[in-house]
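This report looks at one strand, its partners on either side, and then the chain as a whole. Please keep the sequence and the model at hand while reading.

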Amino acid sequence: MTQEPPAFSPLPRDQILALGASRIREIANGAMGRSDVAAFWFGENDQPTPAFIRLAGGEALARGETFYTQNLGMPELREAIAAYLGRLHGIGVGPERVGVVGSGISGLMLAGQMLLSPGSKVVIVTPVWPNITELPRILGAEVIRVPLAIVEGRWQLDLDRLREALTPDVTALFLNSPNNPTGWTIDRAALADIFAHCRRLGIWVVTDDVYERLVFGGEGRSPSLLPVADPEDRLVSVNSFSKAWSMTGWRAGWMVGPERFIGELAKVIEYNTSCVPAFVQRGAIAALEGNRGEAAVAALRQELETSRRLLADGLHRHERIELPEADGAMYAFFRLRGVEDDMQLARDLLATEGLGLAPGSAFGPEGAGWLRWCFAARPEKIADGLGRLERFLAR
C-alpha cells in the first residue's frame, strides 16, 4: 500500500504572509497611465533626469559598458561620492567608507541584512515610508514605533519618548529626516542628542538621507551625523540619486559606514545584486562631478519651493484642511477634519475628480485619516490638482 506524500503549502514563510501590500500601489495600480488622472501619489519629479546625466549614461551604454563592475561600485564613482560628501559637509570621507548600491531602499535592506537577526529590536520614528518599517519585519526583527506629534502647527519629535524606546536591548535606530511623508526635519541639537544616547548604549544608527538636499531655507541641506561621527562609530548613512537629481528610475544610491563594515558589505551586495550596472554608474558620476549637478539640485529645490508654496496656499484656503508646517522633502501631508477613512477618501478623489493622492495609512497607523500629495510637479499641474480638490470639496 503506497503512502500519500504529505501536503505542503505553496506559500512563503510567515513573515512574508504578514506583510501588508502597498496602499499607495493599491490606489495607483488601476489608474496608472490614464490621461484623465492628475497623479501625485508617488515620490518622484514629473520631469525627466537632467539631460547631461542621461547623456553620460547613454554614451556608456553605446560604448558597450554592459559588464559586471566591482561589488562596491566603480572606484571613480566611490571617489566622486566621497568628494561630494567632503564638499557638502566639510569632512574627509575616504572612498573606502563608501559603497554603491542599487537604490536607497536597497541600501536600507542591505543595512538590515548586515545588522539584524530574527528577534532584533529596531526603533523607527513614524509615520514613515512603509518600506522602512517592513524590511526589518521581512528579516524577522521587531519594530518599535515612536510617532511624531503636531505641536503648535508643526511636526515635532518627543525626544524623551524616543530615548525611552532606545534601550540597551535595541539593535538599531532607523531615522528618516527629512521625513517621508510629513516633511519633518530634525534639528541639529536633537540629532546630536539622539546619537550620543545611541553611542552610549552601542545602538547602530541607520539614517535614510535621501531627502537631505531637499530642504527649504537655511544651508540647502538637512542636519547630518556624518560631520560629528567618528569613522568607527556605529553609523550607516544611506543615500540615493533618486530625489535630488531626479533619477528615480536609475536605481542608484550609496552607503557610508565604518571601513570594516563597508568591506563586509561587498559580500552581501554580491549575494543580492552583485553590482550596479556600469552605465548607471556613469550617469551617477556625471551627477556629482563639475558644476552641472549642483546647478541641477539648486534648480530643483527652487522649483519645489514654488510648487510647495502654491500647494500650501491652496490647501490653507479651506478651513476643513489641516496642513502642519514642515521644512523638507517633497510632500504635503494633510487631512480633512472629520474624515477618518483615508483609503476611501483617496478612492473617492480618484473616482470623482481623477485626483491621485497617497493614503496616509500607507505610512503606518499614525497616518490614518491623512493624505500625502507629492509637489515635485510643475506649477500648472499643481494648480490643476487644486482645482480638482476644490470641485470635490464643493460637492
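Two strands are said to pair if DSSP finds at least two bridges between them, and helices (H or I, at least four residues) and strands (E, at least two) are DSSP runs numbered from the N terminus. The model is a predicted one, in which local features need pLDDT of at least 70 and side-chain atom pairs count only at pLDDT 80 or more, while totals for chains, interfaces and linings use all residues. Residues are numbered from 1 along each chain as its sequence is written, and side-chain values use heavy atoms, with hydrogens and water left out.

| Partner of E9 | Sense | Bridges | Residues standing opposite |
|---|---|---|---|
| E8 (residues 204-208) | parallel | 4 bridges | Val205 and Leu235 |
| E10 (residues 253-256) | antiparallel | 4 bridges | Gly253 and Ser240 |

In a regular strand the side chains alternate between the two faces of the sheet. In E9 both faces are covered, with Leu235, Ser237 and Asn239 on one side and Val236, Val238 and Ser240 on the other all buried, where buried means under 20% relative accessible area, exposed over 50%, and partly exposed in between (1.4 Å probe, protein chains only).

Ser222 lies in the loop between E8 and E9, and Ser222 counts as buried because its relative accessibility is 1%. Beyond its neighbours within four places in sequence, Ser222 is in contact (heavy atoms within 4.5 Å) with Ser177, Pro178, Thr185, Glu212 and Val215.

The protein chain as a whole holds 13 helices and 15 strands, and buried residues make up 56% of its 395 residues.
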